[in-house]
Amino acid sequence: MKHNHNFRTLAENTIGYVGICDGCRTVNVAFQNSLFCLTLDQFETFSEMIFERQAMRPFCTTHGKELLLPTPMPNYFLLFSDDDLNSLSTLLREAAPVLAAEQILDLSRAN
Ligand SMILES: [Zn+2]
């Protein structure tokens with residue numbers, strides 16, 4: 001089955017963007033040099049995690065990036081400053097209402 005990856009941007013700023021592919025319904029959260037590819041359900045969980053700083057450990061250095069988030073790769077971690085997380089939260093909050101509506105649409109299509 002072929003489909004076009006017709007990407008719609010829902011929020012953007014100088015360090016990232018949030019959008020959804022209308023073809024495969026993948027939500028892309030790009031932030032700095034990271035790209036998170038999420039389902040609509042995962043987007044909600046991911047947003048909570050960022051808002052609440054869940055699953056993050058303090059990582060105290062003199063560099064200001066003091067929150068460490070493990071990844072599924074054992075030797076690879078993401079580091080955030082509080083400012084980073086606030087910028088990312090702003091993007092997620094901006095995209096959230098549209099994505100919530102998309103989720104309702106998907107549910108009504110499935111029935
Ligand atoms: Zn796609």
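Reply: A residue is called buried under 20% relative accessible area, exposed over 50%, and partly exposed in between (1.4 Å probe, protein chains only). The model is predicted, so local features need pLDDT of at least 70 and side-chain atom pairs count only at pLDDT 80 or more, while totals for chains, interfaces and linings use all residues. Residues are numbered from 1 along each chain as its sequence is written, and side-chain values use heavy atoms, with hydrogens and water left out.

We begin at the metal site. The zinc ion has the protein donors H5 (ND1), C21 (SG) and C24 (SG), at 2.0 to 2.2 Å. Donors are N, O and S atoms within 2.8 Å of the metal (3.2 Å for Na, K and Ca); water is not among the atoms, so sites may look incomplete. Along the chain the donor residues follow the spacing H-x15-C-x2-C. C21 is buried, because its relative accessibility is 5%, whereas C24 has 33% and is therefore partly exposed.

Next come the helices. Helices (H or I, at least four residues) and strands (E, at least two) are DSSP runs, numbered from the N terminus. Helix α1 (residues 40–52) lies across β2 (16–21), β3 and β4. Helix α2 (residues 82–110) packs on the sheet and touches β1, β2 and β3; contact means heavy atoms within 4.5 Å.

In one of them, E102 meets R25 with the closest N and O atoms 2.6 Å apart. E102 is in helix α2 and R25 in the loop between β2 and β3, so the pair ties together parts 77 residues apart in sequence. Both E102 and R25 are buried.

Another salt bridge joins R53 and D82, whose closest N and O atoms are 3.0 Å apart. R53 belongs to the loop between α1 and β5 (57–58) and D82 to helix α2, so this pair ties together parts 29 residues apart in sequence. R53, at 21% relative accessibility, is partly exposed, and D82, at 44%, is partly exposed as well.

K65 and D84 also form a salt bridge, 2.6 Å from N to O. This pair links K65, in the loop between β5 and β6 (67–70), with D84 in helix α2, 19 residues apart. K65 is partly exposed at 29%, while D84 is buried at 9%. Finally, salt bridges that share partners join R8, D22, R25, E102, D106 and R109 into one network.

How values were computed: Axes are lines fitted to C-alpha atoms, for helices over the stretch in contact, and angles run from 0 to 180 degrees between N-to-C directions. A salt bridge is a side-chain nitrogen of Lys or Arg within 4 Å of a carboxyl oxygen of Asp or Glu.
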